[in-house]
Amino acid sequence: TKARAHRTVQRPVTPRPEAPALAPQTGRVEFAVSPWGEVFVDGERIGVTPPLTSLPLPVGEYTVEIRNRDLPVHVERLVVSGDSPSKVKHRFP
């Protein structure tokens, strides 16, 4: 018997492009308000803290207001990122 020649066909390997790591699209704001306050984000009422202690928000910039009856309004401009939570801490007199 005659030995057959074995022929291997190799196809060029095209590396897959690596997908860039996507930044988280949602961040979080944590609240520590005493004794309590109504939370507004960009003018929209979100709830009352406490009991609200954490709020997920899309990554971006926001104006956060904390209101408590006739006391002066506390306003903060926040940049929410997916890296670490943004914090709003305020104590009404």
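Which residue takes a positive phi in the hairpin of β2 and β3? Asp 42 does, with phi near 50 degrees, and the hairpin has two residues between its strands.

Some ground rules. This is a predicted model: local features need pLDDT of at least 70, side-chain atom pairs count only at pLDDT 80 or more, and totals for chains, interfaces and linings use all residues. Residues are numbered from 1 along each chain as its sequence is written, and side-chain values use heavy atoms, with hydrogens and water left out. Strands are DSSP runs of E, at least two residues, numbered from the N terminus.

Asp 42 is found in the loop between β2 and β3. Its relative accessible area is 48%, so Asp 42 is partly exposed. The scale: buried is under 20% relative accessible area, exposed is over 50%, and partly exposed is in between, with a 1.4 Å probe and protein chains only.

β2 and β3 pair in the antiparallel sense, over five bridges. Pairing here requires that DSSP finds at least two bridges between the strands. Phe 40 has Arg 45 of β3 as its bridge partner. Val 39 stands opposite Gly 47 in β3.

Now the sheet. Four strands form an open sheet in the order β3-β2-β5-β6, with antiparallel pairing. β3 and β6 stand at the edges with a single partner strand each, so one side of each has no neighbour in the sheet. From one strand to the next, the twist averages 25 degrees. For that angle, axes are lines fitted to C-alpha atoms, and angles run from 0 to 180 degrees between N-to-C directions.

Arg 69 has phi of about 50 degrees, and it is not a glycine. Arg 69 lies in the loop between β5 (60-67) and β6 (74-80). Its relative accessibility is 71%, so Arg 69 counts as exposed. For background, most residues other than glycine have a negative phi, and most peptide bonds are trans.

Ser 34 and Pro 35 are joined by one, with omega about -5 degrees. Pro 35 sits in the loop between β1 (26-34) and β2 (37-41). The peptide bond from Pro 50 to Pro 51 is also cis. There, omega is near 20 degrees. Pro 51 is found in the loop between β3 and β4 (54-58).

Next, Thr 49. This residue lies in strand β3, residues 44-49. Is Thr 49 buried or exposed? Thr 49 counts as buried, because its relative accessibility is 2%. A polar atom of its side chain lies 2.4 Å from the backbone oxygen of Leu 52. Leaving aside neighbours within four places in sequence, Thr 49 is in contact (heavy atoms within 4.5 Å) with Phe 31, Val 33, Trp 36, Gly 37 and Val 39.

Last, the core. A nonpolar core is a set of buried Ala, Val, Leu, Ile, Met, Phe, Trp, Tyr and Cys residues joined through side-chain atoms within 4.5 Å. The largest one has 15 residues. Val 29, Phe 31, Val 41, Leu 57, Val 64, Ile 66 and Val 88 touch the most other members. At least two residues of this core come from each of β1, β2, β4, β5 and β6.

Take Val 64. Not counting residues up to four places away in sequence, Val 64 touches Phe 31, Phe 40, Val 41, His 74, Val 75, Glu 76, Leu 78 and Val 88.

Notes:
A polar contact is a pair of N or O atoms within 3.5 Å; within protein, one must be able to donate a hydrogen and the other to accept it, and residues adjacent in sequence count only if both atoms are side-chain atoms.
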